[in-house]
Amino acid sequence: MSKILVVDDEFRIRQIIRKYAEFEGYEVEEAVDGMQAIQICRQKEFDLIIMDVMMPELDGFSACREIRKFRDTPIIMLSARGEEYDKIHGFELGSDDYVVKPFSPKELMMRVGAVIKRSAGSGSAAKKDVFTYEGLEVDFSARTVSVDGKRVEMTPKEYDLFFYMVRNKGLALTRESLISEVWGYDFFGDERTLDTHIKLLRKSLGAYSKCIVTLRGVGYRFETV
């Protein structure tokens with residue numbers, strides 16, 4: 001049984017999520033703010049965290065940043081703010097999805113299932129090999145990327161996206177194929193999520209951002225020519 005930590009200062013929101021999550025067969029634990037969430041995560045492991053952004057004591061973004069220092073647990077952010085900046089900030093901190101309030105509990109549960117499924121499958125799918133191009137090194141088995149000998153820190157989804165593109169070097173990858181392969185066929189988000197992650201990926205790669213080529217009207221291609 002997968003374990004979920006629901007972090008929200010609103011009792012009603014926590015109860016709604018708990019009701020639907022337990023109906024889907026998940027074990028649920030609750031936290032009322034970011035500080036309590038961090039304390040719980042230091043003591044216990046979860047398969048997923050649903051984290052509200054606006055909370056007293058410590059906001060969700062700050063809590064996500066702290067939890068990422070010692071846990072790789074997938075995190076879905078909840079927020080009443082749907083601006084691109086907030087989504088980008090959440091992804092930069094390592095969140096795996098971003099849901100805007102008010103939300104459909106059923107859709108949230110579908111997102112929860114999709115994220116847990118991807119997380120569970122990512123470890124067993126890794127191959128023990130390394131790709132190098134000039135000063136760029138991609139270690140698929142260790143899930144690390146280095147530029148000119150310096151480790152590049154990426155979000156979990158940036159790693160997934162970049163690894164898939166490198167695996168398919170030289171091929172034109174449509175937006176649809178990237179979304180289905182990286183996020184899954186059951187992805188319920190906005191297509192702009194892909195563009196947001198491409199921006200973050202290019203920022204992380206620095207000089208090697210040139211390797212990610214935009215194919216107008218099609219998608220993207222990773223090339224080293």
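This is a predicted model: local features need pLDDT of at least 70, side-chain atom pairs count only at pLDDT 80 or more; totals for chains, interfaces and linings use all residues.
Helices and strands here are DSSP runs, numbered from the N terminus. The peptide bond leading from Lys 101 into Pro 102 is cis, with omega near -10 degrees. Lys 101 also has a partner: its side chain makes a polar contact, at 3.2 Å, with the side chain of Asp 52. Asp 52 belongs to strand E3 (residues 48-52). Buried means under 20% relative accessible area, so Asp 52, at 3%, counts as buried.

Next come the aromatic rings. The model holds 5 aromatic pairs. One of interest is Phe 162 with Phe 222: the ring centres are 5.6 Å apart and the planes stand at 80 degrees, so this pair is edge-to-face. The two residues come from distant parts of the chain, 60 residues apart, with Phe 162 in helix H6 (residues 156-167) and Phe 222 in strand E12 (residues 219-222). Both Phe 162 and Phe 222 are buried. Together with Phe 131, Phe 162 and Phe 222 make up one aromatic cluster.

Arg 167 has its charged end over the ring of Phe 140, 3.6 Å from the ring centre. Lys 3, for its part, lies over the face of Phe 46, at 5.5 Å from the centre of that ring.

Then there is the open space. The largest pocket takes in about 710 Å³. It is lined by 26 residues, and the closest to its centre are Met 154, Thr 155, Pro 156, Lys 157 and Tyr 159. Helix H5 (105-125), helix H6 and helix H8 (192-205) each supply at least two residues of this lining. Sorted by class, the lining has 12 charged residues, along with 7 polar and 7 nonpolar ones.

Finally, two loop residues have backbone angles worth a look. Glu 134 has a phi near 55 degrees, a positive value in a residue other than glycine. Its place is the loop between strand E6 (130-133) and strand E7 (136-139), and Glu 134 is exposed, with a relative accessible area of 61%. Arg 143 is not a glycine either, yet has a positive phi of about 55 degrees. Arg 143 sits in the loop between strand E7 and strand E8 (144-147). With a relative accessible area of 27%, Arg 143 is partly exposed.

Technical notes
Residues are numbered from 1 along each chain as its sequence is written. Side-chain values use heavy atoms; hydrogens and water are left out. Rings of Phe, Tyr and Trp (its six-membered ring) pair if their centres lie within 6.5 Å; planes under 30 degrees apart count as stacked, over 60 as edge-to-face and the rest as tilted. Helices (H or I, at least four residues) and strands (E, at least two) are DSSP runs, numbered from the N terminus. Buried means under 20% relative accessible area, exposed over 50%, partly exposed in between (1.4 Å probe, protein chains only). A charge sits over a ring if NZ of Lys or CZ of Arg is within 6 Å of the ring centre and within 35 degrees of the ring normal. On a 1 Å grid over the protein atoms alone, a cavity is a set of points where a 1.4 Å probe fits but cannot get out, and a pocket is an open set with protein on both sides within 12 Å along at least five of seven lines; lining residues have an atom within 4 Å of a point. Grid points are joined across faces, edges and corners, and a volume is the space filled by probe spheres set on the points. Ala, Val, Leu, Ile, Met, Phe, Trp, Tyr, Cys and Pro count as nonpolar, Asp, Glu, Lys and Arg as charged, and the others, Gly among them, as polar. A polar contact is a pair of N or O atoms within 3.5 Å; within protein, one must be able to donate a hydrogen and the other to accept it, and residues adjacent in sequence count only if both atoms are side-chain atoms.
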